[in-house]
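Subject: Structure for your files

Hello,

Here is the structure you are taking over. My notes on it follow below.

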Amino acid sequence: MLIDGRALVLGGGGVTGVAWEIGLLHGLARHGVDLSAADTVIGTSAGAAVAAQLTGSTALADIYAAQINAQPGEIPARLGAGALVRLLVASAWPGDRRLGRAWLGRAALRAETMPEAERRAVIERRVPDRRWPDRRLLVTAVDTETGTDVVFDADSGVPLIDAVAASCAVPLVWPPVTIDGRRYMDGGVRSVANVDLAAGHGRVVVVAPTTSALRRCDRPQTQAAALGVPHVVVTPDAEARAAIGTNVFDPARRPAAALAGLVQAASIADRVRTVWSGTQA
């Protein structure tokens, strides 16, 4: 059934992905393309943090300014080679893919990371609003025990901060998040942006800092094309990729990534406007 409205999909990509997405969204708004007016916003990992801010009460200009300025409490991290191998194995798991995700979840539960409460405090500072917005916001995560993907929304009974923290819980980097006695990890374990959740909308814009996936069906471009509606997938251009760097968990790269997103918006504004408004620029 067609859902009346437009969907904005915000994908994962670490702390620099948060910055680039916010810079891009702010730049697009400056060019008259206000994606914050989406009827449904779908956030995965970094995109969940951005979605919670975008649908909150803070002005987009202020959200952008926070990315340019130093933020206390951010802790640098890196995805080690062993963790990367486990992520690849889980994504290539044959048969029931939930089994692969559960295998990864068990590793995430055993991993030595910062305390869960400390990580949650970081998310709280990143997302000032504590309530779910009035509009439809979907936040993705994965159950570490079963490998089942879940979608949190205003009707789930889960606090917004907990939902965002779960979606941002990169396995083997950050601790899984406890919600009602269960432990959850990053929604990007299912796919980097979960674009398929936008099915039913008439127009879809995808903002994806990361698009790589072993399986073609997990890639944002493939999932967007399968929707069969007007869509556009925006990814970092060469300058943005250089600003983001090789470690997406390095907060020192945040200001440059945000600025790169702001600058890139000028080059893609017309293309996004065409899809968003349904008219030629």
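Contact, as used in these notes, means heavy atoms within 4.5 Å. By that rule Leu160 touches Ala52, Asp129, Arg130, Arg131, Trp132 and Leu137, leaving out residues up to four places away in sequence. Please keep in mind that this is a predicted model.

Leu160 sits in helix H7 and is buried, with a relative accessible area of 0%. Between Leu160 and Glu124 there are 9.7 Å in space, C-alpha to C-alpha, although the two are 36 residues apart in sequence.

Glu124 itself forms a salt bridge with Arg120 through their side chains (2.4 Å, N to O). The two are four residues apart in helix H6, and therefore about one helical turn separates them. Glu124 is partly exposed, at a relative accessible area of 28%, and Arg120 is partly exposed, also with a value of 28%.

Which residues of helix H6 are buried? In this helix, which runs over residues 116–126, they are Arg119, Val122, Ile123 and Arg126. Viewed down the axis of H6, the buried residues fall within an arc of 95°, so they line one face of the helix. Their cover includes helix H1 (14–30), helix H2 (46–54) and helix H7 (160–167).

Nonpolar cores and a surface patch

The largest nonpolar core has 60 residues, and those touching the most other members are Leu8, Leu28, Leu35, Phe152, Val164, Val205 and Val272. Helix H10 (residues 254–277) gives the most to this core, namely ten residues. Another core, of 14 residues, lies apart from it; among its members are Leu138, Ala208, Val229 and Val233.

Leu8 has contacts that include Leu25, Leu35, Val205 and Trp276, again without residues up to four places away in sequence.

On the surface, Ile68, Leu259 and Val263 form a nonpolar patch with about 250 Å² of accessible area together. Ile68 belongs to helix H3 (residues 60–68) and is partly exposed, with a relative accessible area of 33%.

Two loop residues

Ser45 lies in the loop between strand E2 (40–43) and H2. Is Ser45 buried or exposed? Ser45 is buried, at 8% relative accessible area. Beyond four places in sequence, Ser45 touches Gly12, Ser167, Cys168, Val170 and Asp186.

Pro230 is in the loop between helix H8 (220–226) and strand E8 (231–234), and is partly exposed, with a relative accessible area of 47%. Leaving out residues up to four places away in sequence, Pro230 touches Gly202, Arg203, Val204 and Val275. Pro230 and His201 are 29 residues apart in sequence and 9.5 Å apart in space, C-alpha to C-alpha.

Salt bridges

How many salt bridges does the structure hold? There are eleven.

Arg182 takes part in a salt bridge with Asp143, with 2.6 Å between the closest N and O atoms. Arg182 is in strand E6 (residues 182–186) and Asp143 in strand E3 (residues 136–143), so this pair ties together parts that are 39 residues apart in sequence. Arg182 is partly exposed at 31% relative accessibility, whereas Asp143 is buried at 5%.

The side chain of Arg182 also meets that of Glu145 in a salt bridge (3.0 Å, N to O). Glu145 lies in the loop between E3 and strand E4 (149–152), so the pair ties together parts that are 37 residues apart in sequence. Glu145 is exposed, with a relative accessible area of 56%.

Finally, a network of salt bridges links Arg101, Asp149, Arg190 and Asp196.

Regards

Conventions: Residues are numbered from 1 along each chain as its sequence is written. This is a predicted model: local features need pLDDT of at least 70, side-chain atom pairs count only at pLDDT 80 or more; totals for chains, interfaces and linings use all residues. Side-chain values use heavy atoms; hydrogens and water are left out. Patches are made of residues with over 30% relative accessible area and no salt bridge: like charges are joined within 9 Å, nonpolar side chains (Val, Leu, Ile, Met, Phe, Trp, Tyr) within 5 Å. Accessible areas come from the Shrake-Rupley method with a 1.4 Å probe; for residues, only the protein chains shown count as cover. A salt bridge is a side-chain nitrogen of Lys or Arg within 4 Å of a carboxyl oxygen of Asp or Glu. Buried means under 20% relative accessible area, exposed over 50%, partly exposed in between (1.4 Å probe, protein chains only). The arc is that of the directions from the helix axis to the C-beta atoms. A nonpolar core is a set of buried Ala, Val, Leu, Ile, Met, Phe, Trp, Tyr and Cys residues joined through side-chain atoms within 4.5 Å.
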